Each structure stands twice: as C-alpha cells, then as structure tokens.
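Here's a quick walk through this structure, from the overall fold down to the ligand surroundings. Have the viewer open while you read.

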Amino acid sequence: MSENEKELQKEQERVKWITSQIKKKFQKLQKHTGKIGSEALHIRSTFWEDVTVNFDEPDDIGETYTSIKQQVELLSERERSQTQIDNQLKTLTRLQNSPYFGRIDFKEEGIGAQESIYIGVASFMDDKEEEFLIYDWRAPISSLYYDYAPGPAQYETSLEKVTGVIELKRQFVIREAEIKAMFDTGVTIGDEMLQEVLGNNADTQMKSIVATIQKEQNQIIRNEDSRLLIVKGVAGSGKTSAAMQRIAYLLYRYRTIIKSENIMLFSPNPMFNSYVATVLPELGEENMQQATFQEYLLSRIGREYELEDIFSQMEYLLSQSEDHDYPVRLEAIRFKSSLQFKGLIDSYVNELKDKGLLFRDITFRKQVLFTKEQLAEYFYSLDRNVSIPNRIQLLKEYLLKDLKRKARQEQKKEWVEEEIQFLDKSEFLDAYKQLQEKKKFDEDTFDDYEREQKVLARMLVTKRMKPVFNMVKKLKFINLKGIYGQLFRPQDHQSEHPETWGKISELTLKSLKQSRMYYEDSTPYLYLQDKIEGRKSNTGIRHVFIDEAQDYTPFQFAFITQLFPYSKVTLLGDLNQAVYAGPTDSETVLAEDALGIDEKEVITLSRTYRSTRQIVEFTRELLEDGDKIEPFNRNGNLPVITIHQNHDKLLMAIIKRMQEWKTEGHKTIAVICRTEQESKTVFEALAPHLDARLIEKGTIAYERGISIIPAYLAKGIEFDAVAIHDASTYKEEGERKLFYTACTRAMHELDLFATETPPFLNGIRKELYQLN
Ligand SMILES: Nc1ncnc2c1ncn2[C@@H]1O[C@H](COP(=O)(O)OP(=O)(O)OP(=O)(O)O)[C@@H](O)[C@H]1O
C-alpha cells in the first residue's frame with residue numbers, strides 16, 4: 001500500500017468514526033426532542049387543568065392571570081427548545097452526509113503541538129463538549145484554510161492575532177460518508193477541487209461555495225469594517241456567491257445582534273430570488289429579506305401612478321428608436337439618473353421652505369372644507385425654522401382637530417337626518433349595540449329615540465367622513481404631483497439643465513398629467529416626497545446588499561442609503577454588464593466617483609469561474625479591457641456561430657441544437673433573445689417542436705429545461721448551454737454590454753445563431769470560434 005493510500009485509509013476511518021459520533025449525538029437529541037415534544041403536548045392538552053381560573057374577586061383575577069402566564073411561559077420555553085433541537089438535527093443530518101471538506105494542520109507559534117483542524121459547514125464537538133471535531137467554516141481559525149497555502153500563516157480572533165505555520169492542507173469531497181476525492185494542495189484552494197465542482201451541470205438553484213471559496217472572495221465574505229464595500233467583479237467571478245456566503249458569515253459572526261430579518265438584498269428580478277433561495281438554508285441559516293427595487297417603488301407609488309418598470313424602459317430603449325420622443329427620453333433618463341438632478345431637487349426643497357408648496361382642497365360632499373390656499377397660508381404661517389416635514393405634521397394635526405369640529409357640525413345637518421332613514425338593517429343594529437354597551441338604553445322611551453338618532457348621526461357622519469380623515473392622515477392634501485411638476489417649468493432652463501430641458505419638461509409633464517410615471521422619474525419623485533413628508537427611516541436593517549449594482553443610478557443609490565441610514569452597504573456589480581445604462585450612456589453607481597463617498601473599500605475580482613476557458617476567451621474579446629479577465633482552466637468546445645439568412649432555417653438549426661444538448665445531458669438550456677417581443681416570436685416558433693418555457697418579467701421560478709428569455713432578464717443567472725437568437729440584431733455600441741451579458745450566462749456551451757454576420761464578431765479573433 002502506498003503512502004497516499006495509507007493516508008486515504010486513515011482519513012476514511014476518521015470519517016467513519018466522526019459519522020458514528022454524529023449519529024450518536026443525533027439519536028440522543030432525537031430522544032430528547034421526543035421527551036420535550038411530549039411534554040409540550042402534555043402541557044397543551046392539560047393547559048386548562050393546570051391553571052386556576054377564578055374571576056369572582058379582583059384578587060382572583062390577578063391570580064388567574066399569573067397562573068395562565070406561567071403556563072404559557074412553560075409551553076413556549078419547551079417550544080423554543082424544540083425549534084433549537086430541530087435546527088441542530090438538521091445540521092447533524094447535513095454533517096452526516098458530508099462532515100467536512102477541508103483539513104489544515106496548524107502549528108501555533110510558541111506551542112509545540114500541531115493541531116489538525118477539520119472544516120465543515122457547521123461545528124461539531126466531542127461528546128464531552130471539550131474538543132472541536134469539526135470547525136464551522138466561519139470560525140476565526142477556518143480563515144487559514146481560505147487565505148493561505150502551506151507555510152507561515154496567521155488569523156485573528158476577537159482578542160488576538162495568532163501566528164504559526166500550516167504544515168498540511170488537504171481537501172475532501174465526501175458524499176454519504178465516503179471520501180470520493182482527496183487532494184493535498186500547495187495553493188490556497190486547489191484547482192482539482194474547483195474543476196470537480198465547476199464541471200457539474202448548472203442547477204436551477206445556486207449552490208453554496210464554502211468548500212472552495214477563493215482568497216479574494218474570502219476578503220469580501222469576512223469584511224467587517226467597511227461601511228461601504230464595493231465589489232467589482234467580472235461576469236461569473238462569484239459576486240453573488242460571495243454575497244450569499246457573506247450573509248451567512250455575518251449571521252454567524254454577529255449571531256447575538258444580527259438576525260436574518262436585519263439583512264436586506266436588492267435583487268435584479270423576481271426569478272433571481274428563487275435562484276438564490278436555497279444557499280442560506282443549505283448553510284443552516286434563514287434567508288434574508290429580499291426585494292427588487294421595482295417592488296419597493298411599486299409599493300410606494302403603484303396605486304397612484306401607472307408605473308413603468310425598468311424592463312419596460314429597457315424594451316423601449318431597445319425597440320423604439322424611431323419614436324419621435326426617443327432622443328429626448330434618452331437625455332431625460334441620463335439627467336434624471338444623476339446626482340446633479342438630486343442637487344437640483346435639494347435646492348428646490350430649500351426654496352419650498354419659503355414658498356411654492358402646493359396643496360389640494362379638502363372636500364366633503366362636494367363642498368370644500370379647506371381650500372388649498374388656506375392650507376398653504378397655514379403652512380407658511382408656521383415658523384420657517386421648523387423643517388418642512390415637521391410643519392406638515394403641525395398642519396396635519398391642525399386639520400384633524402378642525403375636522404373633528406366640522407364633523408360635529410355636520411351631524412346636525414339635514415342630509416344626515418335624510419340618510420338615516422335609508423340606513424340598512426346592519427347599520428341600525430350597530431347603533432343599537434353601541435347604545436346598549438353604554439347602558440343608556442331603556443325600552444321605548446322618547447329619550448331613547450333622541451339618543452338613538454344622535455348615535456346614528458354620529459355613526460353616519462364618522463363613516464362618511466372617514467375617507468376625509470384618512471386623506472389627511474396619509475398627507476394626501478399635499479399636491480405632490482404638482483410640486484414635482486413645478487420642477488419642470490420649461491422657462492426655468494438654467495445652466496445646470498441639459499440642452500433639451502424644454503422638451504424633457506414637456507414629456508415629463510405630459511406623463512404626469514396622465515398619471516403615468518416613467519421609471520427614471522420614480523426615484524426622484526419619492527426622494528422629493530420624503531424631503532417634504534419626512535419618512536421614518538428603516539432602523540431594523542443593518543446590512544444592505546445590492547446585487548447587479550451597475551443597474552442602479554447614483555441617484556437611486558443615494559436614495560437607498562437614505563432609506564437605511566444605520567446600515568452597512570455591500571455593492572456588487574460589473575460595469576461591463578451595465579445593460580440598462582448602455583443604450584442611454586448614463587452613469588451607474590459603480591462608475592468611479594459616482595458616489596461622492598470617500599469612505600469605501602473596493603475589491604476587484606478578475607478571475608471567472610462560470611464558463612469554460614473557450615467561452616471566456618471568446619466573450620472577453622467583446623470588451624475593450626477584456627484581457628484583464630482571467631479564465632479558470634476548464635476546457636470545453638469553442639463557441640459555434642451559425643448563420644442562415646433564412647430565418648425559418650435558423651430556427652430549425654436552433655431546434656436541432658436544443659435536441660442535441662438535451663441528449664448530451666444538459667439540464668438548463670436557454671435561448672437568449674434581445675427583446676421580449678423577440679422572445680415571444682421565438683417561443684411560438686419553437687414550442688410546437690420542443691418543450692420550452694417563455695420567461696417574462698413576472699416569472700418567479702427558475703426551472704430546468706429550455707427557457708426562452710430576454711437578455712436583460714437572464715442577468716445574474718446561469719445555464720449549462722446558451723443559444724443566442726439572433727446575434728446579428730445587436731448592432732448599436734450601446735448594446736454591446738447586453739450582448740456580453742447574454743453570452744456570459746453560459747457555463748459549458750455557447751452557440752450564436754444569426755441571420756447575417758453579427759457586427760460584434762468583428763473584433764474577435766477567428767480561432768476563438770467555429771463558424772458554420
Ligand atoms: N469559489 C468558488 N467555488 C466554486 N464555484 C464558484 C466559486 N466562485 C464562483 N463559483 C461559481 O461560479 C458561477 C458564477 O458565480 P456567481 O453567479 O456568484 O458570479 P457573479 O460574479 O455574480 O456573476 P454575474 O455577474 O455574471 O452574474 C456559479 O456557478 C458559482 O457557483
């Protein structure tokens with residue numbers, strides 16, 4: 001038996017021993033949980049037997065209350081332990097299958113003995129609870145595994161810096177308690193292991209990468225100090241993966257203060273949510289809060305306006321270039337994304353302190369209770385040193401008080417008496433109940449009739465006036481549409497404004513009038529609203545993650561940070577995938593100095609893991625600075641380009657390719673199209689021949705099989721094999737990034753189908769693809 005084989009045997013024995021220990025612990029816990037479970041059941045079933053219920057005397061009531069409280073506490077304590085044990089059992093089940101993936105032998109300076117540290121997805125201790133048999137990958141000592149090759153190394157605990165030497169570094173692939181592969185490695189994380197992981201088929205759910213986290217990714221994951229961490233990484237470099245493991249890390253490191261509900265992830269589209277949904281549970285953690293920015297916008301203005309979403313804006317930019325307003329719209333998007341526009345709003349708000357706020361009349365039964373002029377007069381009569389939101393609050397309180405007075409007057413009016421006669425039975429019954437509760441009701445006396453009328457009148461007026469009270473409480477008496485509209489007075493053209501300001505204003509005012517809101521207006525509008533109304537910032541969120549950050553404008557970023565002022569922020573993105581900013585050439589938050597914030601840390605990732613070397617070598621030539629992208633050395637076929645002038649023939653070629661890919665065993669296949677319309681057309685043509693699925697902006701689940709999808713919706717997601725439908729339609733320079741993003745979704749196979757030579761092929765060396 002060779003040395004290697006002996007080692008393998010020893011390790012396999014350890015795995016056996018560890019799993020038997022895990023099994024023992026599992027059984028012990030299971031017994032315990034059974035006991036707790038039956039105790040809880042017993043408490044529940046005898047709940048009322050064990051409490052003394054007596055309401056006769058005030059003392060008895062107090063006693064009853066205490067007795068019930070004790071019983072409830074007993075029960076919830078049992079239930080809490082039950083949940084904890086259930087979680088432990090789940091962790092043990094995971095460990096039983098694959099107890100660990102790494103080992104380092106570390107000799108600490110000043111201490112003679114060397115320690116073997118085994119690293120897995122969770123910690124596991126011996127039965128005396130004295131020694132760690134497995135260390136959690138997030139434990140301080142585990143960082144050695146990710147940061148160093150054998151040799152001198154150090155790690156930090158919360159108390160000290162520990163230095164020493166790594167004498168051995170070993171990686172394992174263990175499945176069902178069997179070592180499937182074992183590598184000793186001289187580098188940080190060996191390539192063999194990565195080869196093993198990356199060669200697999202893409203899944204509809206993202207996987208955790210804890211066994212193979214790379215050193216630069218580890219820096220992102222364990223970063224604790226930066227208030228603003230910016231990760232700029234090329235397509236497939238593991239930005240989203242790093243973000244997910246970072247969340248798991250933070251939940252572990254700060255487990256007493258940060259819970260999953262204190263972390264928020266802004267994701268690019270609804271399907272992405274389901275794509276990443278299993279990573280944290282796989283690591284034994286609960287999912288963070290997750291939303292798209294669009295969902296947030298919709299929750300705030302979706303009722304009042306027909307809100308354009310980012311996808312519709314993109315569709316417009318890609319397919320409506322003949323539209324008369326197109327150039328103006330382009331300029332409008334660019335300007336409204338900028339911090340310059342934010343500055344303009346800030347100075348406008350400053351002006352509003354003294355004049356210019358617009359209000360709405362408050363009416364009831366077609367009569368004006370307060371005119372907009374009265375509201376403005378009251379508002380501007382308040383001390384100008386009081387902030388606008390505070391003055392709005394004062395105005396609101398004044399209005400509510402006065403409305404109550406007006407409601408009392410209203411009760412005496414003729415219409416009330418008339419309407420009472422037409423009240424339905426249930427409303428009468430309500431009034432009757434109210435009277436009874438007040439114990440003022442003696443049968444059939446004249447006095448009662450009077451009282452009944454009064455109660456009915458009050459009830460009726462309260463009911464009818466409720467919308468008015470609500471309008472005031474929700475501050476709807478502020479004419480926000482008008483106030484925002486005032487920003488777009490064409491005559492106000494100043495040097496800070498773009499040349500086409502007049503036209504931009506016209507377009508904006510026209511849409512506002514129709515209660516439609518362009519995507520580019522929604523953030524500035526909400527920003528202005530918050531400046532006027534004041535908004536309680538969200539203090540619960542401590543960490544905000546923005547994935548695909550290149551799709552956010554500097555203005556949006558400023559707005560988001562204002563929403564979460566007590567939060568650290570991690571931005572992850574790739575300028576080369578700025579598909580939304582592409583056609584308008586507007587600024588993205590990732591551009592140098594776009595933020596105007598100095599206190600930030602930037603980490604760059606230039607190695608890419610998703611695609612084969614051949615795909616990376618091809619796609620990187622689409623970019624000016626593509627040579628900086630480092631492929632991971634995993635081999636595959638050259639990208640294939642198929643050109644058919646006849647579109648029907650092209651579609652047939654795609655169908656044939658899809659069938660081949662399916663036979664080859666690819667599980668997730670995508671036909672990526674330029675627009676939604678194109679996706680629909682391709683879907684209709686392919687559907688009779690293939691089992692395919694059309695992905696639209698509302699699609700929430702990512703499923704196996706063939707997906708037909710517009711490029712901008714494929715962001716952040718990956719597929720085993722990708723066919724680009726019609727690569728020759730990406731013509732404008734502004735669409736290069738969209739094209740690049742589409743191509744970089746492929747892990748193993750990339751095929752481009754086109755009706756003529758794709759313009760972007762020009763800059764690519766011929767040996768990097770195969771032409772059909
Ligand atoms: N350290 C790693 N070990 C194993 N796989 C990794 C590692 N880093 C990244 N990957 C894999 O590479 C692929 C791309 O990762 P991910 O989606 O996180 O990249 P990204 O930078 O967010 O990509 P994009 O910007 O193109 O959306 C995934 O399949 C991921 O599992």
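Take the contacts in the protein between residues at least 6 apart in sequence: 72% of them join residues at least 24 apart. Keep in mind that this is a predicted model. The protein has 26 helices and 26 strands, and its C-alpha atoms fill a box of roughly 110 × 80 × 55 Å along the principal axes. Of the 772 residues in the protein, 35% are buried.

Now for the inside. The largest nonpolar core holds 165 residues, and the members touching the most others are Ile247, Leu571, Val671, Ile672, Ile708, Val722 and Ile724. Helix 6 gives this core its largest share, eight residues. There's also a second, separate core of five residues, with Ala431, Leu456, Ala457 and Val461 among them.

Which residues does Val671 touch, leaving aside those up to four places away in sequence? They are Ile654, Val682, Ile706, Ile708, Ala723 and His725. Ile708 is also on the list of core members that touch the most others.

On to the ligand. It is surrounded by 24 residues, the closest being Thr212, Gly238, Lys239, Thr240 and Ser241.

| Class in the ligand shell | Residues |
|---|---|
| Nonpolar | seven residues |
| Polar | twelve residues |

Notes
Residues numbered from 1 in each chain as written. Predicted model: local features only at pLDDT ≥ 70, side-chain atom pairs only at ≥ 80, totals over all residues. Near = placed C-beta within 6 Å. Nonpolar A, V, L, I, M, F, W, Y, C, P; charged D, E, K, R; others polar. Core = buried A, V, L, I, M, F, W, Y, C linked by C-beta atoms within 7 Å. Buried ≥ 20, exposed ≤ 12 C-beta atoms within 10 Å, placed from the backbone. Helix = DSSP H or I, 4+ residues; strand = E, 2+ residues; numbered from the N terminus. Contact = placed C-beta atoms within 7 Å.
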